[in-house]
Amino acid sequence: MPNNSRITREEALAYHLEPRPGKIDIQASTPMATQRDLSLAYSPGVAVPCEEIAANPELAYDYTTKGNMVAVISNGTAVLGLGNLGALASKPVMEGKSVLFKRFADVNSIDIELDTEDVDEFVNAVRLMGPTFGGINLEDIKAPECFMIEQRLKEEMDIPVFHDDQHGTAVICAAGLINALHLSNKKIEECRIVLNGAGAAGIACIELLKAMGARHENCIICDTKGVIYQGRTDGMNQWKSAHAVKTDLRTLEEAMSGADVFLGVSVKGAVTPEMVRSMGDNPVIFAMANPDPEITPEQAREVRSDAIVATGRSDYPNQVNNVLGFPYLFRGALDIHARAINDEMKIACAEALAKLAREDVPDEVAMAYGRKLTFGRDYIIPTPFDPRLIYVVPPAVARAGMDTGVARRPIIDLDAYVTTLRARMDPTSSILQGINVRARNAQARMIFAEGDDVRVLRAAVAYQRNGMGKALIVGREADVKEKLDAAGLADAVEELEVVNAANTSHLESYKSFLYQRLQRKGFDHHDIHRLAARDRHVFSALMLAHGHGDGLVTGATRKSAHVLGLLGHVFDTTAADGAVGVTAMIHKGRIVLVADTLVHEWPEAEDLALIAERGAHVARHLGLEPRVAFVSFSTFGYPVSERAEKMHQAPRVLDRKGVDFEYDGEMAIDVALNPDVMAQYPFCKLSGPANVLVVPARHSASISVKLMQEMAGATVIGPILTGLDRPVQICSTVSTANDILNMAVMAACEIGR
């Protein structure tokens with residue numbers, strides 16, 4: 001069922017504005033620190049590769065970024081579903097497409113917007129840029145010009161040219177159809193296929209299916225004027241005429257009767273339940289119109305329980321999502337220095353995707369989506385965040401390219417190639433996406449304790465509007481309204497529930513609970529009233545303790561140690577209670593957890609062992625298999641130091657406990673994180689670089705995290721508070737609205753509880 005997630009205009013604009021305008025940065029991949037570096041990068045050193053490339057153009061793939069660079073090019077004549085917005089207005093979409101290339105397949109990409117609707121000018125401009133790129137991805141160009149542009153560029157250029165609106169949709173559609181027919185026990189050459197929508201995507205879909213074995217006479221295409229039949233002249237062009245069939249059928253309704261497959265790339269509501277009812281046994285319905293399908297899965301299954309339904313939407317099963325295709329198609333094509341992306345490569349991509357969906361789904365994917373995914377009617381296409389895509393699809397594409405002779409540089413060892421592809425995968429994006437999906441499934445009522453801070457309010461609005469659950473704001477109604485108005489979120493006032501001591505009916509029970517906890521700690525009834533009625537952190541914690549919310553996020557306006565002390569009035573939050581703070585650092589595709597960053601000031605060996613257990617627990621909640629390193633300036637006993645002794649003893653404590661995760665120490669940080677350095681200690685019990693670092697003291701944890709944040713630009717999430725019996729997370733005072741939202745998501749997923 002669809003969720004209630006929605007993105008506001010303010011959120012979308014803020015995302016594109018902050019922290020810097022746009023979505024793309026350029027970074028040097030070689031050293032640029034010294035005069036010698038600059039001399040090698042530019043004059044005089046750069047002359048040497050220039051001469052080599054002039055003598056042998058193929059060396060451009062070795063000495064420049066050409067072999068891993070794709071241009072995303074548009075003229076803005078068909079931007080999403082918005083129509084002809086022009087070249088400049090298409091730039092946010094093209095930048096977005098470029099970052100998807102990088103995110104999913106580690107392909108460098110740059111967007112180019114051409115301010116022309118003239119086919120000749122467009123083709124000539126792209127053709128002249130050919131030496132710069134390893135491939136061209138055309139995007140959001142209206143039909144029929146897109147057909148002409150792509151065909152001419154394919155003929156005139158010796159690098160892959162791919163119009164994703166056409167062929168990307170076709171590839172994913174074909175992958176889903178392979179599996180739908182497998183489940184229906186049907187063969188493509190025997191199926192009656194009806195396509196509604198004769199634009200770029202529709203024509204590409206039917207052409208690819210015919211290349212896979214669908215028979216011309218079994219494929220009926222409809223447009224706004226009805227069936228495209230032989231002899232029709234109204235609204236025709238050469239691309240439609242190529243697929244006209246000899247038939248007496250004239251309407252979509254007539255064509256659907258007895259059909260095995262419906263493909264829709266048209267408009268909302270084009271298909272009625274009666275049309276679906278008239279289809280053959282086990283009908284396959286791909287209603288891919290966006291944002292609203294030709295018919296919803298609920299409507300289709302209401303009349304046909306045997307239907308297999310796919311849409312273009314992420315909130316329904318079986319999403320036909322182009323991101324499953326184009327990054328991996330280009331990855332495979334670029335890695336063989338392909339001259340083109342041909343039908344065989346597209347079919348190989350579709351078949352690899354279909355095969356992947358039939359395989360057992362890894363636990364981390366199931367965890368990300370909050371449910372077990374198994375091949376069947378509601379899972380015929382892999383999910384976009386399946387980590388196997390990067391090393392399953394490109395090798396299939398590359399192999400097809402080599403077999404069909406379009407590879408300039410064939411890959412000799414495909415097994416080694418798969419290994420390199422695995423190394424390209426950025427695990428952190430999948431982890432964060434998985435946590436967000438789990439939070440959306442949890443639908444937790446999240447208490448935001450600091451309703452007088454605009455960052456907190458923006459995070460709360462995003463939490464609720466993104467379909468995570470109900471946001472409960474602790475604050476005064478007037479303050480909340482004023483700050484939302486100032487933030488351009490006035491319409492959110494009616495959506496959010498504001499709670500405070502004045503409007504709750506539970507204050508007396510809160511005070512009674514608090515008095516029972518604190519009466520022997522020097523607190524009288526007046527103190528209790530002040531805490532419960534006037535301190536938002538305590539009030540919020542009392543809400544959570546009484547089940548009037550499912551999670552709590554706080555700390556944006558007060559120092560974490562102070563907030564932790566206030567929470568300690570309601571929950572057991574001390575080191576003696578087993579509480580631990582674990583901070584996640586994300587940098588260059590790597591995630592490392594550091595503990596303890598919040599509670600233990602100077603832990604001893606027993607404490608360090610507990611911290612390791614808490615860190616491993618958080619790692620597993622995040623979908624990581626924990627590898628714990630007890631880090632120090634000493635490595636396995638040298639240099640000898642009394643200060644390092646507790647780090648040496650902590651692993652012995654875990655030995656006695658018999659824990660079920662990898663750990664070792666004490667070791668220096670480079671031994672823990674650098675596999676080449678770790679290899680110098682073959683007796684080390686870690687199977688790879690550590691992802692949980694247990695540090696000697698809270699001050700060293702704080703220094704390490706803040707140094708990475710400030711000097712290296714690491715993304716920091718946390719500290720994640722663990723060891724409590726309720727999900728509570730504490731932000732830092734420098735948190736952005738997005739940081740606060742991330743902590744709310746952690747609380748919703750009960751990370752570390």
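**View 1. Aromatic pairs, with Phe 101 and Phe 330 as one example.** A search of the whole structure finds eleven aromatic pairs. A pair needs rings of Phe, Tyr or Trp (its six-membered ring) with centres within 6.5 Å; planes under 30 degrees apart are stacked, over 60 edge-to-face, and the rest tilted. Phe 101 and Phe 330 have ring centres 5.4 Å apart and planes at 80 degrees, so they pair edge-to-face. This pair links distant parts of the chain, 229 residues apart: Phe 101 is in helix H5 (residues 91-105) and Phe 330 in helix H14 (residues 326-335). Helices (H or I, at least four residues) and strands (E, at least two) are DSSP runs, numbered from the N terminus. Phe 101 is buried, at 0% relative accessibility. Phe 330 is also buried, at 0%. Buried means under 20% relative accessible area, exposed over 50%, and partly exposed in between (1.4 Å probe, protein chains only). Phe 101, Phe 162, Phe 326 and Phe 330 form one aromatic cluster.

The model is predicted: local features need pLDDT of at least 70, side-chain atom pairs count only at pLDDT 80 or more, and totals for chains, interfaces and linings use all residues. Residues are numbered from 1 along each chain as its sequence is written, and side-chain values use heavy atoms, leaving out hydrogens and water.

**View 2. The pair of Phe 448 and Tyr 463.** Both residues, Phe 448 and Tyr 463, are buried. Their ring centres lie 5.8 Å apart with planes at 70 degrees, so this pair is edge-to-face. Phe 448 belongs to strand E11 (residues 446-448) and Tyr 463 to helix H20 (residues 454-465), so the pair ties together parts 15 residues apart in sequence.

**View 3. Arginines over tyrosine rings.** Arg 250 lies over the face of Tyr 229, at 3.6 Å from the ring centre. Arg 422 lies over the face of Tyr 391, at 3.8 Å from the ring centre. A charge sits over a ring if NZ of Lys or CZ of Arg is within 6 Å of the ring centre and within 35 degrees of the ring normal.

**View 4. Thr 573 in a loop.** The loop runs between helix H25 (560-567) and strand E15 (580-587). Thr 573 is buried, with a relative accessible area of 6%. A polar atom of its side chain lies 3.4 Å from the backbone oxygen of Leu 564. Not counting residues up to four places away in sequence, Thr 573 touches Leu 564, Leu 567, Gly 568, Ala 579, Val 599 and Leu 724. Contact means heavy atoms within 4.5 Å.

Conventions: Polar contact = N/O pair within 3.5 Å; in protein donor to acceptor, adjacent residues only side chain to side chain.
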